[in-house]
Amino acid sequence: MRTVTIPRPDDWHLHLRDEAMLALTVPATAQVFNRCVVMPNLVPPVTTVALAMAYRQRILAQLPASMSFDPKMALYLTDKTSLEDVEQAAANPDVIGFKLYPSGATTNSSAGVKSMAALDPLLEKMAALQVPLLVHGEVTDADIDIFDREQVFIERHLQPMLAKFPTLKLVLEHITTGNAVDFVLSQGDNVAATITPQHLLMNRNDLLVGGIRPHNYCLPILKRREHQMRLQQAALSANPKFFLGTDSAPHVQANKETSCGCAGCFSAPAAIELYAEFFDQHDSLDKLADFASGFGADFYGLPRNNETLTLKQHPWQVPEQVSVAQQQVVPYFAGETLNWQISRD
Ligand SMILES: NC(=O)N[C@@H](CC(=O)O)C(=O)O
Ligand SMILES: [Zn+2]
Ligand SMILES: [Zn+2]
């Protein structure tokens with residue numbers, strides 16, 4: 001049987017949600033990943049170190065005794081974030097950085113930044129203290145087509161931002177376009193990107209052909225195949241600027257399968273297996289380890305993990321549904337067969 005052993009991976013972009021949902025999301029990720037970056041888009045948002053530390057305790061309270069897990073918290077950048085907030089973030093090893101959501105760009109982003117120009121003093125401080133800025137890179141202007149929102153955000157906001165603050169440590173999250181790949185490649189080592197399983201494995205046909213597939217709907221929206229291929233090349237290039245971030249983002253079934261469904265794919269139940277599938281499809285399983293377990297830690301200046309994880313080529317089916325607190329969540333790839341599974345031998 002074919003197997004592949006990698007250092008234990010980390011998930012550099014993850015939504016764990018809160019309260020009852022944590023009983024599902026925390027074990028689902030912690031049984032595979034050691035560290036994760038926990039996104040702060042709760043209601044109300046996680047805006048300060050104090051709120052993040054309280055949230056981190058709620059997360060760790062759901063950790064089964066047999067598992068180890070080290071959540072790194074992202075703070076939600078708002079128009080009210082202060083220079084002191086940045087200093088406190090820099091001083092706390094459990095805080096990874098700030099998350100920039102343009103107001104209205106995605107799930108629970110109404111508290112997000114309305115004026116990019118007003119951010120300059122904060123960005124200056126973040127660059128000086130080398131506090132990373134994690135970015136949901138989409139404009140929200142009504143006149144910009146949803147498929148162009150990432151590209152326009154890069155042109156209008158990211159290029160000027162990096163020109164002004166060339167040492168800012170920045171991660172463009174869940175990239176979806178060749179434009180994003182080009183932007184990241186055009187910048188120094190301080191700029192990197194995460195790539196999700198859905199943007200590697202799918203394009204917009206998988207969302208829209210033969211019927212609308214709500215469980216493949218996430219933001220930024222899946223793009224055309226040419227863009228998918230650029231992301232695939234980036235992930236396969238072994239360039240340390242591109243690393244794993246699942247963007248696993250559960251919504252209950254009723255909120256996905258409805259006339260106005262939420263954006264987000266719950267990939268945690270099969271996350272590393274989905275990436276293994278992708279790398280194996282491209283005869284590049286040898287590149288999984290750095291992408292999943294190396295480059296992200298290097299970028300964030302954290303040690304690589306010592307433990308290992310072994311995957312074996314043995315088909316299994318992703319569950320149709322998972323339950324938590326009398327509610328159902330449909331995983332990404334539900335009911336589909338994957339060729340790689342975690343070996344617990
Ligand atoms: N990716 C998504 O489609 N949804 C995420 C938010 C985000 O990462 O933009 C969520 O919180 O549901
Ligand atoms: Zn996002
Ligand atoms: Zn996300």
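The model is a predicted one, in which local features need pLDDT of at least 70 and side-chain atom pairs count only at pLDDT 80 or more, while totals for chains, interfaces and linings use all residues. Residues are numbered from 1 along each chain as its sequence is written, with chains lettered from A and ligands numbered from 1 in the order in which they are written.

Let's start with Asp-247, which the unreviewed UniProt entry annotates as "active site". UniProt positions follow the numbering used here, feature names are shortened, and annotations may be inferred rather than shown by experiment. You'll find Asp-247 in the loop between strand 9 (242-244) and helix 10 (253-256); helices (H or I, at least four residues) and strands (E, at least two) are DSSP runs numbered from the N terminus. Why is Asp-247 called buried? Because 27 other C-beta atoms lie within 10 Å of Asp-247, and the cut-off for buried is 20 or more (exposed is 12 or fewer, partly exposed is in between, and C-beta atoms are placed from the backbone). Leaving aside neighbours within four places in sequence, Asp-247 is in contact with His-13, His-174, Thr-196 and Cys-218, contact being C-beta atoms, placed from the backbone, within 7 Å.

Next comes the "binding site" annotation, again from the unreviewed UniProt entry, which covers His-15, Leu-16, Arg-17, Asn-41, His-136, Leu-219, His-251 and Ala-263. Take Arg-17, in the loop between strand 2 (11-14) and helix 1 (22-30). Arg-17 has 21 C-beta neighbours inside 10 Å, so Arg-17 counts as buried. Beyond four places in sequence, the contacts of Arg-17 are Leu-22, Thr-25 and Pro-250. Asn-41 sits in the loop between strand 3 (35-38) and helix 2 (49-60), and Asn-41 also counts as buried, with 21 C-beta neighbours inside 10 Å. Not counting residues up to four places away in sequence, Asn-41 touches Tyr-76, Tyr-101, Thr-107, Asn-108 and Ser-109.

Now for the helices. Two packed helices are described by the angle between their axes and the distance between the axes. Helix 3 (residues 83-91) packs against helix 4 (residues 120-129) at about 20°, with the axes 9 Å apart; axes are lines fitted to C-alpha atoms, for helices over the stretch in contact, and angles run from 0 to 180 degrees between N-to-C directions. Helix 3 and helix 4 are therefore roughly parallel (under 35 degrees; over 145 is roughly antiparallel, 65 to 115 roughly perpendicular, and the rest oblique). Leu-83, Val-86 and Ala-90 of helix 3 make the contact with Pro-121, Leu-122, Lys-125, Met-126 and Leu-129 of helix 4. By class, this contact has 7 nonpolar, no polar and 1 charged residues (Ala, Val, Leu, Ile, Met, Phe, Trp, Tyr, Cys and Pro are nonpolar, Asp, Glu, Lys and Arg charged, and the others, Gly among them, polar).

The other pair is helix 5 (residues 149-164) and helix 6 (residues 178-186), whose axes come within 8 Å and cross at roughly 30°. Helix 5 and helix 6 are therefore also roughly parallel to each other. Glu-150, Gln-151, Ile-154 and Leu-158 in helix 5 meet Asn-179, Ala-180 and Phe-183 in helix 6, and by class that contact has 4 nonpolar, 2 polar and 1 charged residues.

Finally, look at Ala-65, in the loop between helix 2 and strand 4 (70-76). Ala-65 counts as exposed because Ala-65 has 5 C-beta neighbours inside 10 Å. From Ala-65 to Lys-80 is 15 residues in sequence and 38 Å in space, C-alpha to C-alpha.

Notes: Contact = placed C-beta atoms within 7 Å.
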